[in-house]
Amino acid sequence: LKTTVSQIEIPCAFGPAYEGERVRGADLYCQTGGGKTQCTEYLQLAEMNDIEDGKVTVVGPDIPDMKEGDTFPMAIFMQVAGREFQEDFEPILERQTHHLINYIQGIMHIGQRDIAWVRVSKAAVDKGFTLKDIGVVLHAKFHQDFNKILDKVQVTLYTKPEDVEKITAQARAAYKQRDERVENMTDEDEEIFYSCTLCQSFAPTHVCTVSPERTGLCGAYNWMDCKASYEINPTGPNQPIEKGEVLDPVLGQFAGVNEFVKKASRGAVTHYNFYSLVHDPMTTCGCCEAIAAMLPACNGVMTVHRDYTGETPCGMKFTTLAGVMGGGASSPGFVGHSKYNVIQKKFLKGDGGLLRMVWMPKSLKEELRERLLKRGEELGYPNLVDMIADETVGTTEEEIMPFLQEKGHPALSMPPLVG
Ligand code: SF4
Ligand code: ZN
């Protein structure tokens with residue numbers, strides 16, 4: 001017998017009408033994530049008998065235990081069971097948290113995976129909103145929208161730092177496994193790419209095209225995930241795109257993709273390149289895990305991820321970059337991308353590839369270190385990772401230049417970036 005949930009019992013209004021709503025400074029009651037604390041979302045396939053449908057638990061302080069201005073850590077741990085439910089579906093349901101939490105009036109959600117950010121407004125707290133309501137919404141909407149593939153949904157919201165750390169470590173291991181599922185695939189070998197228009201409610205002209213070697217810029221959707229999403233929901237936001245004629249193999253431009261993007265952006269974007277930030281890059285929305293930018297004086301590029309809040313050599317911090325680029329336009333000189341994309345072989349290939357990378361935050365270098373070492377070796381620069389400057393070297397082009405020269409960074413002897 002299938003459970004159906006028609007009523008969502010929370011004290012706040014709920015629906016797509018509230019999705020684009022912001023919670024600004026003066027309206028803010030408390031928040032989690034956003035570089036201030038850890039906020040993680042993780043959905044895992046469970047054994048049918050291990051979970052209880054509709055059970056929503058908050059382990060640790062909830063909103064009534066907090067005061068105005070508080071920041072708190074949180075892990076949203078969703079467990080789903082169903083005879084039709086496959087592990088491949090985990091990322092798709094997990095990504096729904098973005099719009100579903102935004103559907104709650106007075107609650108704002110940004111980001112995904114282990115870089116989520118939830119802002120709770122005073123108005124919502126006045127109405128009686130608690131964190132438990134997030135679980136109530138997820139349980140109800142998962143049943144409504146994915147009834148075909150699932151039978152049980154259990155949600156646990158952890159707000160004690162030690163629990164959040166534990167779930168985050170588990171989640172990161174799963175994210176890594178999911179990322180690696182496309183590791184040996186190439187764009188040349190696949191005739192079908194997938195669109196993602198999930199973010200159009202925030203960035204109306206934004207269309208991600210997800211190919212094996214170009215994962216979604218949010219980091220949450222790769223080619224496999226989009227394929228699974230299309231299987232679950234054939235009329236949903238992930239549509240197969242016949243890539244068609246290869247118009248430019250180096251920059252990565254495909255006739256079939258252009259055609260699709262033009263339609264899906266209602267004419268606003270007529271074409272874009274998969275592997276370039278210099279020439280007509282892909283559109284960027286506010287969810288990107290990282291943003292790459294040109295550094296013309298160093299003849300290279302840099303990238304900065306959401307967690308790094310400091311200055312960068314392009315003159316803008318991540319938040320400024322996301323604010324300027326995140327509206328869904330194609331902005332030559334800049335492009336949003338996932339962290340995993342940095343170590344994919346087509347990353348900015350049209351601009352010279354990973355060998356152009358002259359600066360990235362130290363924490364991102366550390367996070368990707370193992371895989372950067374491997375890529376460096378493949379590219380003939382086994383110590384590339386240590387040739388890339390970071391904030392300890394400098395945060396302006398001038399400051400990092402002597403370091404690049406001393407290390408003999410390959411970007412310095414490459415053809416001009418802008419020619
Ligand atoms: Fe989809 Fe792109 Fe938004 Fe990720 S960033 S959810 S891939 S549209
Ligand atoms: Zn987005």
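Here is a short tour, from the whole chain down to single residues.

## The whole chain

Keep in mind that this is a predicted model. The chain contains ten helices and 17 strands. Its radius of gyration is 21 Å, close to the 22 Å that the globule rule gives for 419 residues, so the chain is as compact as a globular protein of that length.

How much of the chain is buried? Of the 419 residues, 58% are buried. Sequence distance also tells a story here: among the contacts with a separation of 6 or more, 75% are between residues 24 or more positions apart.

## The ligand and its surroundings

Now find ligand 1. The space that ligand 1 takes up is the largest cavity. Around ligand 1 you will find R95, C196, L198, C199, H206, C208, G216, L217, C218, Y221 and C285.

What kinds of residues form this shell? Eight are nonpolar, two are polar and one is charged.

## A helix and its neighbours

Next, move to helix α6, which covers residues 255–264. Its buried residues are G256, V257, N258, V261 and A264. Which strands do these buried residues pack against? Their partners are β9 (192–196), β10 (208–210), β11 (240–242), β12 (246–248) and β13 (253–254). After α6 comes R266, which has a positive phi, near 55°.

F89 sits in the loop between β5 (74–81) and α1 (90–102). Is F89 buried or exposed? The cut-off for buried is under 20% relative accessible area, and F89 counts as buried because its relative accessibility is 4%. Leaving out residues up to four places away in sequence, F89 touches E84, I149, A228, E231 and I232. F89 and C226 are 137 residues apart in sequence, yet their C-alpha atoms are 9.6 Å apart in space.

T319 belongs to helix α7 (residues 318–325). Exposed means over 50% relative accessible area, so T319, at 59% relative accessibility, counts as exposed. Along the chain, T319 and G286 are 33 residues apart, and 9.4 Å separates their C-alpha atoms.

Definitions and conventions
Residues numbered from 1 in each chain as written. Chains lettered and ligands numbered in written order. Predicted model: local features only at pLDDT ≥ 70, side-chain atom pairs only at ≥ 80, totals over all residues. Heavy atoms only, no water. Near = heavy atom within 4 Å. 1 Å grid on protein atoms, 1.4 Å probe; cavity = no way out; pocket = protein on both sides within 12 Å on 5 of 7 lines; lining within 4 Å. Sits in = over half its atoms within 2 Å of the grid points. Nonpolar A, V, L, I, M, F, W, Y, C, P; charged D, E, K, R; others polar. Helix = DSSP H or I, 4+ residues; strand = E, 2+ residues; numbered from the N terminus. Rg over C-alpha atoms; globule rule 2.2 N^0.38 Å. Buried < 20%, exposed > 50% of the residue type's maximum accessible area, 1.4 Å probe, protein only. Contact = heavy atoms within 4.5 Å.
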